[in-house]
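Opening the notebook on this one.

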Amino acid sequence: MATIGLFYGTDTGNTERVAKDMKVKLEAVLGEGSVHLSEIYKKKAADMEAFEYLILGMPTWYDGELQGDWEEFIPEMEKIDFAGKKVAFFGLGDQYGYASYFCDALGVFCEIAEKKNAKVVGFTPVAGFEHDFSKAQRGDIFVGLCLDTDNQDEQTEDRLNHWVPQVLGEMGLK
Ligand SMILES: Cc1cc2nc3c(=O)[nH]c(=O)nc-3n(C[C@H](O)[C@H](O)[C@H](O)COP(=O)(O)O)c2cc1C
């Protein structure tokens, strides 16, 4: 079985593209077949429960709302005991168009995972972003990797290249 479960939700494909790139980068380190990539659409708690290491990717929509498939997954997420699991989040958003809600979904899901005993890894500095407010922010860090492919897509690759080894290190996989 794959080592990491990489789940994403997407409305217009940006998070899917990043998730596919991330899988390639993770497997370059861990080996082919080590990452199980799947869309969160219609998934059940058992699909996620199967993995000790999880990476969850989600955009934020409509002034701080969750992407629809992730919103539907919340009752399933609440059923999972994340004790012993290491979880990392990445989120896509638009820091200028939705400056008061930048990548909010990340903060919402991080709180649920922590409440259910997850060890959340992969926090990143807020430096380099110009948003006003984000539920994903705690002091000067985000609770995962925020990406803005709408405005700063030229930085996406670099941000991934920094984050992937960080997460693997914090998960104890490298
Ligand atoms: C109508 C609309 C509402 C949005 N609302 C937010 C928001 O509240 N916060 C945010 O950070 N980004 C927001 N965005 C930006 C999207 O999250 C961003 O385009 C993201 O890359 C979409 O990812 P997806 O293609 O995987 O669905 C919004 C975009 C649109 C078009």
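This is a predicted model: local features need pLDDT of at least 70, side-chain atom pairs count only at pLDDT 80 or more; totals for chains, interfaces and linings use all residues.

I started at F7, which stands opposite S38 in β2. The chain goes from β1 through α1 to β2, and this β-α-β crossover is right-handed (with the strands pointing away from the viewer, the path from the first strand over the helix to the second runs clockwise). β1 (residues 4-8) and β2 (residues 35-39) pair in the parallel sense, over five bridges. For pairing I used the rule that DSSP finds at least two bridges between the strands. Helices (H or I, at least four residues) and strands (E, at least two) are DSSP runs, numbered from the N terminus.

Residues are numbered from 1 along each chain as its sequence is written.

Next, the ligand. I found 22 residues around it, the closest being N14, T15, P59, G93 and Y98; near means a C-beta atom, placed from the backbone, within 6 Å. Both α1 (14-30) and β3 (53-61) supply at least two residues of that shell. The largest share, three residues, comes from β3.

Last, I checked the open sheet of three strands, which has the order β7-β9-β8 and antiparallel pairing. Its edge strands are β7 (124-125) and β8 (137-138), each pairing on one side only. Two bridges join β7 to β9 (residues 141-142), and T124 stands opposite F142 in β9.
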